[in-house]
Structures are given as structure tokens and as C-alpha cells.
Amino acid sequence: MYVAVKGGETAIARSWDLLAAARRGDSALAELSLGQIRQQLRLAVARVMQEGSLYDEELAALALKQAAGDTVEAVFLLRAFRTTLPRFASSKPLDTAAMRVRRRVSGTFKDVPGGQILGPTADYTQRLLDFSLGDNSDVPPCALADSGVPQPLPSVLEVLAAEGLIEAEQPLPGDPEPADLTRQPLMFPADRATRLQNLARADEGWLLGLAYSTQRGYAESHPFAGEIRMGEVSVSVCPEELGFDIDIGEITLTECQMINQFAGSKTAPPQFTRGYGLSFGEAERKAMAMALVDRSLRAEELGEAAHAPAQQQEFVLYHSDNVEASGFVQHLKLPHYVDFQAELSLIRTLRAQATSSAVQEANHD
Amino acid sequence: METTTRQHWLSLLAHSPASRLAELLQQHLPPAGDISWLRRAQTGLVMLQGRSGGSGSRFNLGEISVTRASCQIAGWLGHGWVRGSDDEHAELIAQADALLQNPQCYPPLQAQLLQPLQQELAARREQSARAAAASKVEFFTMVRGE
């Protein structure tokens, strides 16, 4: 028997009103503007753009406001909106070497060309709550050096590359167009371009946990942060109507070049290998975690035993998307009334059988 | 028109705030009736590509919102492309691009639009680069013994 169940429209409409009221909170307090979210919650905005896979601060701020600060929900909203827009083109590859750097540190060399530039980092704060921020705070003026950070700022890894001590990073022959996960499903084995796209969209918490596992011994990983740089990079496209490349503005990116020990194989001498992370905005934790997991997923390519979870493509890439993960976990809230009735009646039958066979056995005794 | 010159102004216009562009372009714009719009502002996506390790094979990093517009002014075809979803910005760039290609309009626009925008962009970048450079670590070595 099939029973169609309808109803709940009024209850759903009331739940929308309750959600809107809860989002707004106490109306005696000023409402948040999108500009305030963009400016003062910039790292939350960056995360929503990265995992929503759409660089647009205004839309990400709106998504965060609508989701009342729930990052994963905001990511979902941005992904859904994205599907309504046409794709105009692909950009020219982002030139991170030409980045206008605001922060650059290296964990491998003290004296890197251009120096260690700390930029706006929380690394050297004491993590003591600053109660003065509870009221309106005055910001002290920033000092200016006599001259700016050089642009382009030489890459730290060039030092090692010049000596041939690190694997070369060059395009494949013909510089092929990379696979695009927004148009083709994820297939295995996934090439590095596909993996990097998946990791770029991946949930930061998922990547962080996996990256941590590689450091704790669940992969043969001996990483160093060769270079982390953050700053502005211009975006170039070649519009059909123009026929030449133009810049259409700049975006903030964080790039992490992780260096890993490699004992060598039959075909490659002992050298350092690379893991790469690139993320929207100021997102160092994400870029570093991405670089560590990129490297651990290269196990097979480099002839390493792939026994740890972070080295297994299917495990890592199939579970990295927080929109998919959230949807599947939360779909359990949806009506499973009929499934459950079937389970319930099965359990009752089994219990009845168990009881009757126990009675029979007792009678035999 | 030299491609590099046009490339340069299109890049400059896209890197400048829309409000400033509107302010400086205002007095140079022809009456609305003299502008024929081939494409009013339209927002879409561009897939951003990165390279593994910064220099290796390409991969798709994620998309960016982009707004584009095209117009014709006195026979000159102008195109505007800018990241973000600001319709006005894209349309201003398209109009400026059409006007800048016209040899009669170029000299005043060069002086009253491009030059100030260029100076302001350079100043913003210099300010940011100098502020970052102020946070450069100056190591000093502790000498022990002799």
C-alpha cells in the first residue's frame, strides 16, 4: 500500500518567519551591513568564497548574513547561486610569482631574498581576549617603511631549484586544459589537477584533520613550509571580442609551497618534493593543509606505500565537500516513516520469533 | 590603436574604484542618446586557473564573478570587463574604452582620467607595499666570546 502524505505548508511558512526573526535578533540593535561583514569578518568571507568556489566578497557577505554566520550553510547558498550564472571564460593561469606581497614567510631559510615579511598575522598575538574590542576601538596608525616590498618578490624555492635539489615544477607537454569538477564527475584515479581542484573546494576542517594526521605519522611526510605568501594577484582573461589579454581586477590569494623529504626512487634521485596549496583571501591554514594533503596524495606517483587515510584518493576526495557531506548527513531529518515502519515491523517479528523459540527450548528442557 | 595601450587602460579602469571612475568620466560622456548599447552589463563567471607549484600544470582553482558590457559611441566599439557584479563599473569601462579609441577624445581623457587613476593606483599600491615592508623581520646575531 502506498500512502501519499501531504501537509505542513503552514508550519513551513511559520518556520521561515521564525528563522528570519532569529536571524535578525534584537531589533533594538543595529542591523549588520554587508560592508561591515566584508570589512570586519574578512576571513569568514574568504572561507565562504573558497569553499563556495566563487570569488565575490559581496555575495559571500550576503550568504554569511543570510546563514546567520553558519559557514557551511553560506557555502551552500553561494554554490546554489553560482549555478544561475553563465560561464564567460577561463582565466589565464594566475601568476603568483608576480603577486604584490603583503606577507611572506619561510620556515626553511632565515635569510630569504626579500626577507621575512610578517604582514597582518595573528601568529604573534598572545591569544588573550582583548576586552577593549567590546567597545568601539581606535586602531593605531600603521608604520610605513621607506620603500615597499619588492615586486616581483623572488620565490624561496628558487634557491633550491637552482641547485637541482627540489623536483622541477613544469607544465605537462602541451600544457593541457585541466579537468573541471564543476562539469565532469570525479573519477578515479584522479590526476593532480583534479585533486587540486577538489582540495581547493574542500572543507577546511576536513583538510586540516587529514593534514594533521600526516604529521602525526599516518603518512611518510616530513614537511617544511618552504614559503607562504599572501597578497594581491591580477586576474587576466582574453575576451573573444577583444582577442587579447586584459586584466579585470585583482584578488587576494594565499599560496603555500610545502617541501617534503624524498629518499629517491628507481627513476628519481634523492631530492625534495613539493606539495602545493592555493586559496582565496587570507587563508593560511587552508593553504597549508591543502599543500600537505596534495603531497600525501602523491604517494602512488612517487612510489610510496599508500597505507594512510590521507594517502587514499577515494577516501580523501569523496568526503571533502562540505555541501555534499552536510546534505547527506542532514537528509536523515527528512521523513523516513515508511522505511522505519518496515524496520520496526522486522524487529518486532524477530523478537517474537526469538521469544517463541526460547519458549520452545524451555519446553524441551 | 596599439594593443598594449588599450590593454593598459582596460586594466587600469578595472583596477580603479567605480565611484572614482564615474566622477572623472562624468564630464566626458556624450548624451545617453549617442551611446548605443550592444550589450548592457551582464554578470557571469570566469574559472580561475592556477598552476601546481606556481609554475607547473594548470588546475581549476574556483570561479570569480565578472561583469561585462559593450557599447558603441561615434563608431567606436568599447568593451568593459571587470571582476565583481557591479553593472555600473562594467558600463563605465565600456564607455571609457570607446571614447579612448577616438583620437579626438584621447588627449583630454589621458590627462583627466587615465593619469589621475594611474597615480591613485600607484599610490594605493605603494602605501600597501610600504606598510607590509614595515613588518619585515630584522634579524640580529648575538655574538658570544671574542
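Modeller: Ground rules before you start: two strands pair if DSSP finds at least two bridges between them, and helices (H or I, at least four residues) and strands (E, at least two) are DSSP runs numbered from the N terminus. This is a predicted model, where local features need pLDDT of at least 70 and side-chain atom pairs count only at pLDDT 80 or more, while totals for chains, interfaces and linings use all residues. Residues are numbered from 1 along each chain as its sequence is written, with chains lettered from A and ligands numbered from 1 in the order in which they are written.

Biologist: OK, which strands stand at the edges of the open sheet in chain A?

Modeller: The order is β3-β4-β5-β6, with antiparallel pairing. Two of these strands have a single partner each, so one side of each is left without a neighbour in the sheet: β3 (100-105) and β6 (271-280).

Biologist: And which residue is the bridge partner of Ile259(A)?

Modeller: β5 (residues 246-262) and β6 of chain A pair in the antiparallel sense over ten bridges. The partner of Ile259(A) lies in β6(A), and that's Arg274(A).

Biologist: Which element gives the most to the side of chain A that touches chain B?

Modeller: Counting contacts as C-beta atoms, placed from the backbone, within 7 Å, chain A puts in 70 residues and chain B 51. Elements of chain A supplying at least two residues include α4 (57-66) and α7 (192-201). With eight residues, the top giver is β5(A).

Definitions and conventions. Contact = placed C-beta atoms within 7 Å.
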